Amino acid sequence: MSDYKKTNDLTEKTTPVDADLLRLDDSADSFAWKKATIANVSTKVQADLIADDNTFTGTTTLDKIGLLKSKSHSPNGIVTFIMDDGNACCYTDYKPLFDAQGEVACPAIVTDWVGTTNFMTLAQLLELQTSGWEILSHTKTHPEFLSALTEAQIITELSESKAYFTANGLTVENMVYPSNDNDAVVRKITMDYYNSGRAAITQYFSPAYNTSPVDSYNMLSVEIVGVEAADIANYKTYIDNAYTNNGWMIFFTHFATAERLAAYDEIIDYIQAKNMEIVTVKQALEITGNYFEGGDGVAIGRDGIRANKIVMHALSADPTTPRQGKSVIWQSDGTGSGDDGDIMMKITAVAGGTFEGGGNTKTITLVDFSAS
Ligand SMILES: [Zn+2]
């Protein structure tokens, strides 16, 4: 192995990797290039994609992260209902209510609690799944705060619950964080096992709906707790806002009371009257989820890109003038507009335009490198 290979080892790179600057002239480096390119997706996914014997094993894992899935469109916004913890009342009370409404919901299951006193049995979970309900993971033991655990402990909570689901015929692709608690490490590890992670907002904050690009590993939701008239009016306002903004509203709850069941009936009637779809998390992600999901690093949705950093290459020539109503940002190397290191922007606006479709273009220095 050459010294070059050593100095360009993947472990010395950070994402996004300049894959085109890695060498391709022998099989070992070719492998390094493939690894580095896929590393732009996620470090763990890259490891999953390429087995120890260098064979590419990517198809199912790429599907796991939602790469380039086709998306449909839901013009009125969508709503998802989640019952946390797998309490028995999900089966005995919520299931008949949702059946009567012709709708489905999603129980979030703690695998160590399945079949214990006051929790649903495996047979009940399988029946829910068969009826179109989506089973979600809520970890193995329900630690109060995943972010307080070590990485090894978080992995155990996620991997062993996932193994339980798989071994028992349950298809579980999405996750609910206990106490809605998550941090960067929790989100990164969750991405290795699940397509999404649900968090929550403080009650009565707004907006509370999710929009594209979705924060797939920190999704917003609101708990249905209070059942006074003012509470129900608030839930309806959340639904109205999701409807107006084509958003995805997630509600969750824990236990059933007669009053709360009545509130659910009223809320579901309200959603149906607005012609909004009630969907599972998986269905919602198919409608409004990201085309490409890279966790906190980068995500591409139908309505935009979310990224934790943007890396620019210096250009020797100015980029093509953007059409009317668009703009472009780049780094100058001093050959075209701007001095070496300046961050530039070209904006084409309608104001001052002299011909149809043209507009007026200005080139602006956003950052003067020599002066900073
Ligand atoms: Zn819980």
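This is a predicted model: local features need pLDDT of at least 70, side-chain atom pairs count only at pLDDT 80 or more; totals for chains, interfaces and linings use all residues.

Me: How many helices and strands are in the protein chain?
Reply: Helices (H or I, at least four residues) and strands (E, at least two) are DSSP runs, numbered from the N terminus. On that basis the protein chain has 11 helices and 15 strands.

Me: What percentage of the residues of the protein chain count as buried?
Reply: A residue is buried if 20 or more other C-beta atoms lie within 10 Å of its own, exposed if 12 or fewer, and partly exposed in between, with C-beta atoms placed from the backbone. The protein chain has 372 residues. The buried share is 35%.

Me: Among contacts between residues at least 6 apart in sequence, what percentage join residues at least 24 apart?
Reply: Two residues are in contact if their C-beta atoms, placed from the backbone, lie within 7 Å. For the protein chain, the share is 60%.

Me: Are α7 and α8 roughly parallel or roughly antiparallel?
Reply: Axes are lines fitted to C-alpha atoms, for helices over the stretch in contact, and angles run from 0 to 180 degrees between N-to-C directions. Angles under 35 degrees count as roughly parallel, over 145 as roughly antiparallel, 65 to 115 as roughly perpendicular and the rest as oblique. The axes of α7 (residues 151–167) and α8 (residues 184–193) come within 10 Å and cross at roughly 30°. That makes the pair roughly parallel.

Me: Which residues of α8 make the contact with α7?
Reply: On the α7 side the contact uses Glu-151, Ile-154, Ile-155, Leu-158, Ser-159 and Lys-162. From α8 come Val-185, Val-186, Ile-189, Thr-190 and Tyr-193.

Me: How many residues of α8 are buried?
Reply: α8 is mostly covered. Its buried residues are Val-186, Arg-187, Ile-189, Thr-190, Met-191, Asp-192 and Tyr-193. Out of 10 residues in α8, the buried number is seven.

Me: Is the crossing of α9 and α10 left-handed or right-handed?
Reply: A crossing is left-handed if the near helix is turned anticlockwise from the far one by less than a right angle, and right-handed if clockwise. The axes of α9 (residues 229–244) and α10 come within 11 Å and cross at roughly 30°. The crossing is right-handed.

Me: How many nonpolar residues are in the contact of α9 with α10?
Reply: α9 gives Ile-232, Tyr-235, Lys-236 and Ile-239, and α10 gives Ala-263, Glu-266, Ile-267, Tyr-270 and Ile-271. Ala, Val, Leu, Ile, Met, Phe, Trp, Tyr, Cys and Pro count as nonpolar, Asp, Glu, Lys and Arg as charged, and the others, Gly among them, as polar. By class there are two charged residues, no polar ones, and nonpolar residues numbering seven.

Me: Which residues of α10 make the contact with α5?
Reply: The axes of α5 (residues 89–101) and α10 (residues 258–273) come within 11 Å and cross at roughly 25°. α5 contributes Asp-93, Leu-97 and Gln-101. α10 contributes Leu-261, Tyr-264, Asp-265 and Ile-268.

Me: How many bridges pair β14 with β15?
Reply: β13 (residues 326–332) and β14 (residues 343–349) pair in the antiparallel sense over six bridges. β14 also pairs in the antiparallel sense with β15 (residues 360–367). Lys-346 has Thr-363 of β15 as its bridge partner. The bridges between β14 and β15 number seven.

Me: Where is the cis peptide bond to Pro-213?
Reply: The bond runs from Ser-212 to Pro-213, with omega near -5°. Pro-213 lies in the loop between β5 (196–198) and β6 (222–223).

Me: Is Asn-275 buried or exposed?
Reply: Asn-275 has a positive phi of about 65° although it is not a glycine. Asn-275 lies in the loop between α10 and β8 (277–278). It has 10 C-beta neighbours inside 10 Å, so Asn-275 counts as exposed.

Technical notes. Residues are numbered from 1 along each chain as its sequence is written. Two strands pair if DSSP finds at least two bridges between them.
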